[in-house]
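Okay, thanks for making time, everyone.

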Amino acid sequence: HQVKIRGYRIELGEIESQLLKHSDVQQAVVLDKTDTNGHRYLCAYVVAGCPIANPAVELREFLRSVLPGYMIPAAFILLERIPLSPNGKLDRKTLPEPLINDVGPALLQKPRDQVEQEIASLWKALLPGVQTIGADDVFFELGGDSIKLVQLQFWLEERYPGRVSVADLFAYPTVSQLARHINRNGQKKLLGNEITERAFIQRTPDTSVLYRYSFVEGDWIKLQELAANRNLPVYSLLTAVMLYLLYDISESGTVSIQTMNDLPNVIQSCRYTFQGNESDFYKFAAEAEQALSREGIAVEELDAAHAKRDAATLIPLIYRKDKLQKSVNFLYWFDFVLEVQDGHEALELAFHIGSRFHTDAMRAWTDQYLAMIHWLVSEETAHKEATQA
């Protein structure tokens, strides 16, 4: 079941599934509610296997580690059992109402430490129409956009050199999340084309780590509409996001990526030199598409064309599955492979990670990749709705 709260479309089932991963939670139901002032919010009803001293604090903190701030319920209610109707469905009428009169001020958590206060002050400078900023507020929800995001990263770089990248601002969109990230990262972790040795591991198993993600139904349609509105193929948009994030975490101003998009079994190179002023993402994406080499390497020629990997080099590939007409293990030549398969009902992404890298570090990068795509779609949807209003 999907609801819309403060401009965000939220899958209630996703919140429930994350709650069920908590070791003390046996059952969970999440509903949308409306307070006395008309503010909509989320309420979680939970059946626990053992007593939870402060469910609101413990479960909220648990969800913060796996969900964005706008998906965190405002209220948590412990139940002995989930009430069901005679036909076995949820009996909403017998669920207790949370004791919330006005969810707005009730949820406002003021910035606590010096870092949170400094982040909040930077947000205020960028968002002049916002009077109050809480520790759990989301930057994009308050009116932040891609241009303001670049300015915010510039200011943070001045104050905390090497600790915050543009990708981090997508991954940690609230004041509290960003402050925690700054506090635990004394220096930047590089995972671009030239990366630090901490990303590597000292084992070489034959199997790769694999993450899968699907854009289905409405999200897939919106992504296609976004690409069409910006006169870009979806595949080019996905490639540009990869380039953008690789540059953001790379030591070099020039980023290289290999793609398979146009010709079957032919890999092309895209080499782009960043100027540092790519605040217009879609202009950058169009330029990156033009930077794609028109010459290619056949899959059969990879052995001869393959560059030797040094101690800190990542060689990435993004390819369309329908363009590969033979069985190939690309991880023999490439360190990071994104497989794209599009259809009428869904877009499937498969992230193949080479065995040289720490899974946590690369998983964090894939999370940032997906977060940026979702943000681009969300911003485009909000712009469309504002134009139609």
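So, which residues in H1 are buried? In H1 those are Leu12, Ile15, Gln18 and Leu19. By buried I mean under 20% relative accessible area, with exposed over 50% and partly exposed in between, using a 1.4 Å probe and protein chains only. Looking down the axis of H1, its buried residues fall within an arc of 125°, so they line one face of the helix. That arc is taken from the directions from the helix axis to the C-beta atoms.

Quick housekeeping. This is a predicted model, where local features need pLDDT of at least 70 and side-chain atom pairs count only at pLDDT 80 or more, while totals for chains, interfaces and linings use all residues. Residues are numbered from 1 along each chain as its sequence is written, and side-chain values use heavy atoms, leaving out hydrogens and water. Helices (H or I, at least four residues) and strands (E, at least two) are DSSP runs, numbered from the N terminus.

Now the sheet. It's an open one of 3 strands, in the order S3-S4-S5, with mixed pairing; strands pair if DSSP finds at least two bridges between them. S3 (25–34) and S5 (75–79) are at the edges with a single partner strand each, so one side of each has no neighbour in the sheet. S4, residues 40–48, runs parallel to S5, and 5 bridges join them. One to click on: Ala44 has Phe76 in S5 as its bridge partner.

Back to H1, residues 12–19: this helix packs on the sheet, touching S3, S4 and S5, and its direction makes about 150° with that of S3. H2, residues 55–64, lies across S3, S4 and S5 at about 115° to S5. Contact here is heavy atoms within 4.5 Å; axes are lines fitted to C-alpha atoms, for helices over the stretch in contact, and angles run from 0 to 180 degrees between N-to-C directions.

Next, the cores. A nonpolar core is a set of buried Ala, Val, Leu, Ile, Met, Phe, Trp, Tyr and Cys residues joined through side-chain atoms within 4.5 Å. The largest has 71 residues, and Leu156, Leu223, Phe281, Leu349 and Tyr369 touch the most other members. Helix H9, residues 234–248, gives the most to this core, with 11 residues. A second, separate core of 19 residues includes Ile5, Leu42, Leu67 and Ile72.

Last stop: Thr239, in H9. Thr239 is buried at 8% relative accessible area and, not counting residues up to four places away in sequence, touches Ile257, Thr259 and Ile318.
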